[in-house]
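Visitor: Could you walk me through the charged contacts in this one? Please put the model up first.

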Amino acid sequence: MIHGEYLIEDGEAEVVCRTPRGTTRLLARLRPGAYFGEIAIITGGERIADVVAATPMVLRRLAKDDYAHLV
């Protein structure tokens, strides 16, 4: 996936992470109006969770370069 901030227009996603035992843990469910990816775009840090589509989705993306230009 390309780095950026994503806004969910339609559909749902799950925020998941891997436990030390290798299982997947559900952290949150995101619905229209929710956003993700903002931490990586601001700090450049590594992600600590994955966002996985739970249904078909429509997303809007603000690319990292575009964000830098706006700031």
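Guide: Arginine 31 forms a salt bridge with glutamate 12, their closest N and O atoms being 3.5 Å apart; a salt bridge here is a side-chain nitrogen of Lys or Arg within 4 Å of a carboxyl oxygen of Asp or Glu. Arginine 31 lies in the loop between strand 3 (24-30) and strand 4 (35-36) and glutamate 12 in the loop between strand 1 and strand 2 (13-18), so the pair ties together parts that are 19 residues apart in sequence. Strands (E, at least two residues) are DSSP runs, numbered from the N terminus.

Visitor: And what should I know about the model itself?

Guide: This is a predicted model, in which local features need pLDDT of at least 70 and side-chain atom pairs count only at pLDDT 80 or more, while totals for chains, interfaces and linings use all residues. Residues are numbered from 1 along each chain as its sequence is written, and side-chain values use heavy atoms, leaving out hydrogens and water.

Visitor: Which residue does glutamate 14 pair with?

Guide: Glutamate 14 meets arginine 29 in a salt bridge at 2.7 Å, N to O. Salt bridges that share partners join Glu12, Glu14, Arg29 and Arg31 into one network.

Visitor: How many salt bridges in the whole structure?

Guide: The search finds 4, and one of them links arginine 60 and glutamate 9 at 2.2 Å, N to O. Arginine 60 lies in strand 6 (residues 58-63) and glutamate 9 in strand 1 (residues 4-10), so this pair ties together parts 51 residues apart in sequence.

How values were computed
Helices (H or I, at least four residues) and strands (E, at least two) are DSSP runs, numbered from the N terminus.
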